[in-house]
Amino acid sequence: MNIIDDLKWRGAINQATDLDGLKKLTEDKQIALYCGTDPTGDSLHIGHLIPFMILKRFQLAGHHPVIIIGGGTGAIGDPSGRKTERTLKTESQLEHNTTALTNQMKKLFGTENFTIVNNYDWLSKLNMIEFLRDYGKLFNLNTMLNKEVVASRLEAGISFTEFTYQILQAIDFLHLYRNNDVQLQIGGSDQWGNITSGIDLIHKIEGSDTEVYGLTIPLMLKSDGTKFGKTAGGAVWLDPKKTSPYEFYQFWINQDDRDVVKYLKYFTFLSKDEIDDLAEKVKTEPWKREAQRRLAEEVTKFVHGEEAVKEAERISKALFSGDVADLSVDEIEQGFKNMPSVDVENKKENIVIWLTDNGIEPSRRQARQDVSNGAIRINGEKVDDVDAEIDPSSHFDGKFVIVRKGKKHYFLARVK
């Protein structure tokens, strides 16, 4: 299947300047294409991931992806998708974020058939006179004002700095066309105005018959109409320090039946036959949640690697079964991050007193009752003797005591 036909089937195309022409181009040759991101933070989240998944599909189909880390445009601030002016980053913040994002991209795209660049390298060399004479002269003010990204901000106000962002992004496309033979720019739906500005600039300078294209992806919404990628705890990050691989895995495995097939198309590299088979299982055997498990496995493997998938599955299985004794300290940190926790002293103590004094049980009477009834497990082991003793240093390198009350209620005691 041609890459454009594959993207159509996946529902991954929102707007395109000339889809038929782009399809023919990709059938005739292996093209270079690009997508950019500004270093406004030191990690991408899964909302950012969508256009880069498209770029990865082109790479797997033999085409050459180029990624811009916008050290230059990041110093200006993209007004796209914003109602207010961005707070400008310091030079040291931009440098730190650029390094972090570059490392993330290398992890996703590898080192073969892939180029990563920083637009600071060419934008910083422009002087004011050159910028105005060579580029500003080619941009019509009325056209710029009518771009959605600008028009939506006129009432609230937009600075000249952010107003000129579309010119800088257009210069990026021109630079990559000239130096990297890039013929296609990909972006989110809010980037359409910036992308078409680049195409217009190339046509004015290089000739109207120059073969360059733009493509945007649809805005991702959940079946309930809310924005994709947000949780009660905030964004789902690609950085494992911000969102652990276990949390990342759980995000995908908990997706609604109404959304899971769409996400399989967007976020995995499974074939049409494999996804159609999983879609049928969602209809006939939804309780097995096989599609969700496959989604979680594939996306976690792509972002964090095979070992992270195995680790997330181990944690999930241990929490479900209660057999937590073999979890590592790192796996406990991941699996219990959002569960109730308490700090405890590193001293041996009677289980009834320990449970009560540390707030896990409301009273000693209730603690004795739960212990006697076999409702309490300590580090995976059932404890039904009210005279038993808790030794916080006996498991998990003396860092944790895991308490399970009943079948579902976990508590993590962090040993001081």
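**Ground rules.** The model is predicted, so I kept local features to pLDDT of at least 70 and side-chain atom pairs to pLDDT 80 or more, while totals for chains, interfaces and linings use all residues. Residues count from 1 along each chain as its sequence is written, and side-chain values use heavy atoms, leaving out hydrogens and water.

**Ring pairs.** I looked for Phe, Tyr and Trp rings (the six-membered ring for Trp) with centres within 6.5 Å; planes under 30 degrees apart are stacked, over 60 edge-to-face, and the rest tilted. The count came to 10 aromatic pairs. I picked out Phe 248 and Trp 252: their ring centres are 6.1 Å apart with planes at 65°, so this pair is edge-to-face. Both residues sit in helix H12 (245-253), four residues apart, which means about one helical turn separates them. Helices here are DSSP runs of H or I with at least four residues, strands are E runs of at least two, and both are numbered from the N terminus.

Buried or exposed, I wondered, are Phe 248 and Trp 252? Both are buried (under 20% relative accessible area; exposed is over 50%, partly exposed in between, with a 1.4 Å probe and protein chains only).

**Backbone angles.** Most residues other than glycine have a negative phi. I noted Phe 396, with a positive phi of about 50°, and Asp 397, with a positive phi of about 55°. Phe 396 lies in the loop between strands E13 (389-390) and E14 (400-405), and Asp 397 is in the loop between E13 and E14. Phe 396 is buried at 9% relative accessible area, whereas Asp 397 is exposed at 67%.
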